Amino acid sequence: NGPGYRRANGWAGSDFVHSPSAPARISEYYRAIPTTGPPVPPSPHSERPVLVGVARLGLGAESHAGHCHGGSVCALFDDLFGWVGFVSDGTVRPWSG
C-alpha cells in the first residue's frame, strides 16, 4: 500500500521500513510454501508458508562506525513479525488494525 492509500485511509505517518528513502528498508516480501531441501530444511511444519524478504541497511542505519543501530534492526523485525501474522495460516490478509 503506497502513500496515497495510507493518506486516503487515515494514516498520519509514513511506512517506516518500506519507504525508498528508509535507512533500514524491506523492499518486498515473498510468501512461499517450502519444499524439502535447501534453502528451507525439512521440518514437521514444512507444509506451512514461509515468508522471505529483501532487506537493506543503508548508512543512515549506522550506529558506531560500521555497525547497524539496534533500533534499525528492531524496526525490521517489527515489520517482519507483523507480516508473519498475516501469512501464518496460509492466506495473506491486509492489516485491518
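The structure before you is a predicted model: local features need pLDDT of at least 70, side-chain atom pairs count only at pLDDT 80 or more, and totals for chains, interfaces and linings use all residues. Residues are numbered from 1 along each chain as its sequence is written, and side-chain values use heavy atoms, with hydrogens and water left out.

Let me begin with confidence. The score, pLDDT, is the predictor's confidence in each residue, on a scale from 0 to 100. The protein has an average pLDDT of 76, and 69% of the residues score at least 70. Confidence is lowest in helix H1, residues 3–8, with a mean of 77, and highest in H2, at 86.

Next, the overall architecture. Helices (H or I, at least four residues) and strands (E, at least two) are DSSP runs, numbered from the N terminus. The protein contains two helices and two strands, and along the sequence these follow the pattern α-β-β-α. Among the contacts with a separation of 6 or more, 48% are accounted for by residues 24 or more positions apart.

The protein exposes about 6,900 Å², of which carbon and sulfur atoms supply 60%. A residue is termed buried under 20% relative accessible area, exposed over 50%, and partly exposed in between (1.4 Å probe, protein chains only). Of the 97 residues, 16% count as buried.

I turn now to the interior. A nonpolar core is a set of buried Ala, Val, Leu, Ile, Met, Phe, Trp, Tyr and Cys residues joined through side-chain atoms within 4.5 Å. The largest such core has nine residues in all: Val17, Ala24, Ile26, Tyr29, Leu51, Ala75, Leu76, Phe86 and Val87. S1 and H2 each supply at least two residues of this core, and H2 gives the most, with four.

One member, Val17, touches Ala22, Ala24, Arg25, Ile26, Ala75, Leu76 and Asp79, residues up to four places away in sequence not being counted. Asp79 itself lies in helix H2, residues 70–87. Is Asp79 buried or exposed? Asp79 is buried, because its relative accessible area is 16%. With residues up to four places away in sequence again set aside, Asp79 touches Val17, His18, Ile26 and Tyr29.

Ser72 is also found in helix H2. At 12% relative accessibility, Ser72 counts as buried. Beyond its neighbours within four places in sequence, Ser72 is in contact with Ala24 and Ala61.

We come back to the strands and to Gly53. Gly53 has its place in strand S2, residues 50–57, and at 41% relative accessibility counts as partly exposed. The C-alpha atoms of Gly53 and Ser27, which are 26 residues apart along the chain, are separated by 7.6 Å. Glu28, in strand S1, is likewise partly exposed, at 34% relative accessibility. Which residues does Glu28 touch, not counting residues up to four places away in sequence? They are Val52, Gly53 and Val54. Glu28 and Ala55 are 27 residues apart in sequence and 7.9 Å apart in space, C-alpha to C-alpha.

Strand S1, residues 24–32, also holds Tyr30. Tyr30 counts as partly exposed because its relative accessible area is 44%. Together with Val52 and Val54, Tyr30 makes a nonpolar surface patch of about 250 Å². Patches are made of residues with over 30% relative accessible area and no salt bridge, like charges being joined within 9 Å and nonpolar side chains (Val, Leu, Ile, Met, Phe, Trp, Tyr) within 5 Å. A salt bridge, in turn, is a side-chain nitrogen of Lys or Arg within 4 Å of a carboxyl oxygen of Asp or Glu.

Finally, the loop between S2 and H2 contains Gly60. Gly60 is exposed, with a relative accessible area of 62%. The C-alpha atoms of Gly60 and Ala24 are separated by 7.7 Å, the two residues being 36 residues apart along the chain.

Key. Areas by Shrake-Rupley, 256 points an atom, 1.4 Å probe, with all protein chains shown as cover. Contact = heavy atoms within 4.5 Å.
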